[in-house]
Amino acid sequence: MEILNDFEWLNSELVPGEAVLWKGKPNEKKLLTAQDIFLIPFSIMWCGFAIFWEATVLFEDAPIIFKLWGIPFVCVGLYFVFGRFIHQKYVLKNTQYALTTHRAICYKKGKISSCDYINEPSITLKTNKDGTGTIAFGNSSNYKNNFLDRDDKETDFINISDAQNVHRMINQQKISK
C-alpha cells in the first residue's frame, strides 16, 4: 500500500461518531538524535576499521575466509554511517499521523495502528528547542531513540511540528470525556 498524500487512508479508518481533530506528518529533515553524539564517532571508527581490515586482506595473500570474514562488518559499518539515515528518511516520509476524538492513528509503511488515548494513563510530550516534538502514548521513555529503526511504539507521534498544540488537544479531549 503506497502512502496517499491527502490522507485518503484515514476515511476508511474512522468509525461512526469519530471526527478528525488534527493530522500531520513527521519532520523528515530532523534525523539526528541525542544518541548520535556517541553513535556517529563509533560508526565511523567501526566502518573505518572494517574497511581497513578488508583492504588489508584483499591486497595481501590472505586465505579466502579472511577476505569473506570482513564483508559483513563493512556492510554493518556502512549502514551505521549512511544507511540508517536513508532508512529513517524513508520511514519518516512514509508516515502520517491523525488525532481523532477517540484515537491516535499512525499510518507507517503501509501499516495502520491506533491507540485509545482517552483511556491511556500516560501520555508524554517531549519538545525540542525548535518547537518540534514527540508525543509518546503509554510508558515509553526512549522517544524512539534506538539507532536501528526508532520504531519502538507503533502510534507515537514522532517529530511533529506542532507537538505542543496536539498535546493540548489530547488533554482537552481527555478532560471532556
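**Aromatic rings, surface and cysteines**

Phe-52 counts as exposed because its relative accessibility is 54%. The scale runs from buried (under 20% relative accessible area) through partly exposed, in between, to exposed (over 50%), with a 1.4 Å probe and protein chains only. This is a predicted model, in which local features need pLDDT of at least 70, side-chain atom pairs count only at pLDDT 80 or more, and totals for chains, interfaces and linings use all residues. Residues are numbered from 1 along each chain as its sequence is written, and side-chain values use heavy atoms, with hydrogens and water left out.

Helices here are DSSP runs (H or I, at least four residues), numbered from the N terminus. Phe-49 is also exposed, because its relative accessibility is 54%.

Next, the ring pairs. Rings of Phe, Tyr and Trp (its six-membered ring) pair if their centres lie within 6.5 Å; planes under 30 degrees apart are stacked, over 60 edge-to-face, and the rest tilted. This rule gives 12 aromatic pairs. Phe-49 and Phe-52 make a tilted pair, because their ring centres are 6.4 Å apart and their planes stand at 40°.

Where does the chain pair Trp-53 with Phe-66? Trp-53 lies in helix H1 and Phe-66 in helix H2, so the pair ties together parts that are 13 residues apart in sequence. Its geometry is edge-to-face, because the centres are 6.2 Å apart and the planes are at 70°. Trp-53 is partly exposed at 29% relative accessibility. Phe-66 is partly exposed too, at 39%.

A further group is one aromatic cluster, formed by Phe-42, Trp-46, Trp-69, Phe-73 and Phe-80.

Phe-66 also belongs to the surface story. With Ile-64, Ile-65, Leu-68 and Ile-71, Phe-66 forms a nonpolar surface patch of about 490 Å² accessible area together. Ile-64 is in helix H2 (residues 64–93). Ile-64 counts as exposed, because its relative accessibility is 59%.

Last, the cysteines. The structure holds 0 disulfides (pairs of cysteine sulfur atoms within 2.5 Å). Cys-75 is in no disulfide: the nearest cysteine sulfur belongs to Cys-47, 9.6 Å away. Cys-75 is partly exposed, with a relative accessible area of 48%. Cys-106 is buried, because its relative accessibility is 1%.

Methods: Patches are made of residues with over 30% relative accessible area and no salt bridge: like charges are joined within 9 Å, nonpolar side chains (Val, Leu, Ile, Met, Phe, Trp, Tyr) within 5 Å. Accessible areas come from the Shrake-Rupley method with a 1.4 Å probe; for residues, only the protein chains shown count as cover. A salt bridge is a side-chain nitrogen of Lys or Arg within 4 Å of a carboxyl oxygen of Asp or Glu. Helices (H or I, at least four residues) and strands (E, at least two) are DSSP runs, numbered from the N terminus.
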